[in-house]
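Subject: Structure handover and findings

Hello,

Here is the structure I promised to pass on. Please open it beside this message as you read.

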Amino acid sequence: METEGSLGSLLRWAADHGISDSVDQPTSHSCLGHSLCVSFFPDTGGRGLAAVRQLKKGELVLRAPKSILLTTQSLSLEDEKLDMALKRYPSLSSTQKLTFCLLYEISKGPSSWWFPYLKHLPQSYDILATFGEFEKQALQVDYAIWATEKAALKSRTDWRGVEGLMQESNIKSQLQTFKAWLWASATISSRTLYVPWDEAGCLCPVGDLFNYAAPEGESFNAVDVLSFPSHASLNDELELLEEQRDSQWALTDGGFEENASAYCFYARESYRKGEQVLLSYGTYTNLELLEYYGFLLQENPNDKVFIPIEHDIYGSSSWPKESLYIHQNGNPSFALLSALRLWATHPNKRRGVGHLAYAGSQLSVKNEILVMQWLSKNCHTVLNNLPTSIEEDNQLLCNIAKVQDLQVPRELQKTLLTYGGEFCAFLETNGVVNRDEAESHSSQKLKRSLDRWKLAVQWRLLYKKALVDCIGYCTTTICSLSS
């Protein structure tokens, strides 16, 4: 476990190059100590930044000058060879370029100007692209499995597109492998911050120690709909609402400020001494958090659960497919209710009641009951078709937690062999089928696989709980209407 002590060299280096958590009191021994300190939060993200005093909402808590931000531009300006190499491959995406630049810089070893920062980057990540076949199938839900396959394919395609550049640049052979590329692309995906001059973003030493806080969830209602001009399309309306919500959080979280020529971070709320200071990266579902950052939230106001929907339901309204979902608390989204109400209406009558449906109004008691019955039935169908139940997933997570608590490698592997069910498939996937192999197998590799498997089980469990809660929502609504 890394502590502030083991990060001392990084914090001193950062202070020497202008990073500070103090507006008026620059320090020489560390860039932290006036507003923030490195701490460990086992239940909320692991290593992160804590308040060392009371912080007020909107207060500047950290500033990193542009000169210390690791970007494609900053690296290529300092290295003519790198700059010329990138110019020979103009078709590469900005993310491919920055990922390659990261590997190129790491290849320099201690001679790199950024070495004090690079040596503290995580050794592994749990983003979807790193999931093996077993972890992918453990998600159980088709669209989650498809998202994992898509992420893995994109990573491999991006790597192949840069193979020629890596060979020409003569970076170390071990850094040209797909394994190294996957690590570097995961670093870029999970740790970069937005900058206006590069779509790939920047790596910000110390600034990337903030853990994630989700912004508030959807607040889409009749007032939102009716406040738009009549000529605006639904897609325009959704995009505008998304922009408004994102801009709200951008004001309190921070960003690159041209007038200060620095990345400035602000307290998104007031914090007491010792509390973890969090940063909102944006609005993400749990599957998206897994895809880009390698974690999920047990309580995520922005999570979305999708169930199979017939084509005629999509065709009955103008709502985009991605807006038809169930919230983590089981409530159907505004758009899903609107679409189902229109679908449950006779086609000849939809035009006459469309304005009511789009404003979020119930069309009739009979219509609303039909909608609730359809929703409840389809949630039941999805749950019944999944390989495991909520109870089985809860027990599985308990067993995984017991295994993760074991510190002695031999005990870890022996304990794994005592469990049946999915544990057998897990061990077989990792090349362990008997006790002799368990004792010789890399416990570190097993632990990393175990971490990803746990994430997959946690995701599918939250998915199932949302469906159960949706069934409860439907039942309550039907009872209320029937009485």
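Below is what I found, from the whole chain down to single residues.

**Overall**

Please keep in mind that this is a predicted model. The chain has 483 residues, and 52% of them are buried. It holds 20 helices and 11 strands.

**Cores**

The largest nonpolar core contains 129 residues. Within this core, I307 and W453 have the most contacts. Helix α20, residues 443–482, supplies the largest share of the core, with 15 residues. There is also a second, separate core of six residues. Among its members are A214, L289, Y293 and L297.

W453 deserves a look of its own. Which residues does W453 touch, beyond those up to four places away in sequence? The list is F134, E135, A138, L396, I400, E422, F423 and F426.

**Helix pair α7 and α8**

These two helices span residues 142–169 and 178–191, respectively. Their axes are 10 Å apart, and the packing angle is about 110°. Angles of 65 to 115 degrees count as roughly perpendicular, so α7 is roughly perpendicular to α8. The crossing is right-handed. From α7, the contact uses S155, R156, D158, W159 and V162. From α8, it uses F178, W181, L182 and S185. By type, the contact residues are five nonpolar, two polar and two charged.

**Helix pair α13 and α14**

Helix α13 covers residues 334–343, and helix α14 covers residues 350–358. The two pack at an angle of about 160°, with axes 10 Å apart. Angles over 145 degrees count as roughly antiparallel, so α13 is roughly antiparallel to α14. The crossing of α13 and α14 is right-handed. On the α13 side, the contact is formed by F334, S338, L342 and W343. On the α14 side, R350, V353, G354, A357 and Y358 take part. This contact divides into six nonpolar residues, two polar and one charged.

**F295**

F295 sits in the loop between α11 (286–292) and β10 (304–305). Is F295 buried or partly exposed? Its relative accessible area is 25%, so F295 is partly exposed. Setting aside neighbours within four places in sequence, F295 contacts Y212, Y281, N286, L289, L290 and L455. One of these, L289, also belongs to the second core. F295 and D126 are 169 residues apart along the chain, yet their C-alpha atoms are separated by 7.3 Å.

**Backbone points to check**

Most residues other than glycine have a negative phi. Two residues here go the other way.

- N170 is not a glycine, but its phi is positive, at about 55°. N170 lies in the loop between α7 and α8. Its relative accessibility is 60%, so N170 counts as exposed.
- S261 is not a glycine either, and its phi is positive, at about 50°. S261 lies in the loop between β7 (254–257) and β8 (262–266). With a relative accessible area of 36%, S261 is partly exposed.

Best regards

Technical notes
Residues numbered from 1 in each chain as written. Predicted model: local features only at pLDDT ≥ 70, side-chain atom pairs only at ≥ 80, totals over all residues. Heavy atoms only, no water. Helix = DSSP H or I, 4+ residues; strand = E, 2+ residues; numbered from the N terminus. Buried < 20%, exposed > 50% of the residue type's maximum accessible area, 1.4 Å probe, protein only. Core = buried A, V, L, I, M, F, W, Y, C linked by side-chain atoms within 4.5 Å. Contact = heavy atoms within 4.5 Å. Axes fitted to C-alpha atoms, helices over the stretch in contact; angles between N-to-C directions. Parallel < 35°, antiparallel > 145°, perpendicular 65-115°, else oblique. Left-handed = near helix turned anticlockwise from the far one by under 90°. Nonpolar A, V, L, I, M, F, W, Y, C, P; charged D, E, K, R; others polar.
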